[in-house]
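Welcome, and please open the viewer. We will go from stop to stop, with something to select at each one.

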Amino acid sequence: MSKQSTIQFNKGAFDKKLLLLEQSVQEKLKDKLTDVASYATLDPSVSPLDTGAYVTSFSFKSNTSSRGRRKSSKNKAPNTHTREEGFSGLMSDIEVMDFEEMERVTLRNDSAHSQKVEELHGYWVFAKIKDRFS
């Protein structure tokens, strides 16, 4: 004679818990990306602000390696753009992300002078971001 035990569960309640868990994970991802966006654009010890072209050229890209925003500093007076404008651009990127289909997110800076900012000027922006968030 065999022994057995049957466990019943409420599929609706189980599905609701899974949905809540998924939403929680998505919110945590958004919070993390918001922290990265804030650090990269708003913290003056991380990104320089001369014309603002560098700080407004940040973008988040998910599941792709396509180019992001590219602002030029050519013929621009200092502080033409603001840190808040750079932050706002990254927040817009976060808002349109499909977190269910996302496999990866890349922070990019496609300004024409991003290499100079990183190396020649010694800011090492992406190294600082990686040290803080990796």
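Before the first selection, one working definition: rings of Phe, Tyr and Trp (its six-membered ring) count as a pair if their centres lie within 6.5 Å. By that rule, this predicted model holds three aromatic pairs. We will visit two of the pairs after a look at the whole chain.

**Stop 1: the whole chain**

Show the chain as a cartoon and look for four helices and two strands. Of the 134 residues in the protein chain, 31% are buried.

Next, colour by confidence. The average pLDDT of the chain is 86, and 87% of the residues score at least 70. Select residues 83-95 to see helix α2, where confidence is highest at 95, then residues 114-120 for helix α3, where it is lowest at a mean of 85.

**Stop 2: helix α1**

Select residues 11-42. How far apart are the end C-alpha atoms of helix α1? They are 45 Å apart, which agrees with the 46 Å that its 32 residues should span at 1.5 Å a residue.

Asn10 caps the N-terminal end of α1, with a side-chain oxygen 2.9 Å from the backbone nitrogen of Gly12.

Then pick out the buried residues of α1: Gln26, Leu33, Val36, Ala37, Tyr39, Ala40 and Thr41. What covers these residues includes β1, α2, β2 (105-109) and α4.

**Stop 3: the aromatic cluster**

Show the side chains of Tyr54, Phe58 and Phe126, which form one aromatic cluster. A pair of aromatic rings is described by the distance of the centres and the angle of the planes.

Start with Tyr54 and Phe58. Their ring centres are 5.3 Å apart and their planes stand at 75°, so this pair is edge-to-face, the class for angles over 60 degrees. Are these two residues buried or exposed? Both Tyr54 and Phe58 are buried, and Phe58 has a relative accessible area of 0%.

Now move from Phe58 to Phe126. Here the centres are 5.9 Å apart and the planes are at 45°, so the pair is tilted. Phe58 belongs to strand β1 (residues 58-62) and Phe126 to helix α4 (residues 125-133), so this pair ties together parts that are 68 residues apart in sequence. Phe126 counts as partly exposed, at 27% relative accessibility.

Key. Residues numbered from 1 in each chain as written. Predicted model: local features only at pLDDT ≥ 70, side-chain atom pairs only at ≥ 80, totals over all residues. Heavy atoms only, no water. pLDDT = per-residue confidence, 0-100. Phe/Tyr/Trp six-rings, centres within 6.5 Å; stacked < 30°, edge-to-face > 60°. Buried < 20%, exposed > 50% of the residue type's maximum accessible area, 1.4 Å probe, protein only. Expected span 1.5 Å × (residues − 1). Contact = heavy atoms within 4.5 Å. Polar contact = N/O pair within 3.5 Å; in protein donor to acceptor, adjacent residues only side chain to side chain.
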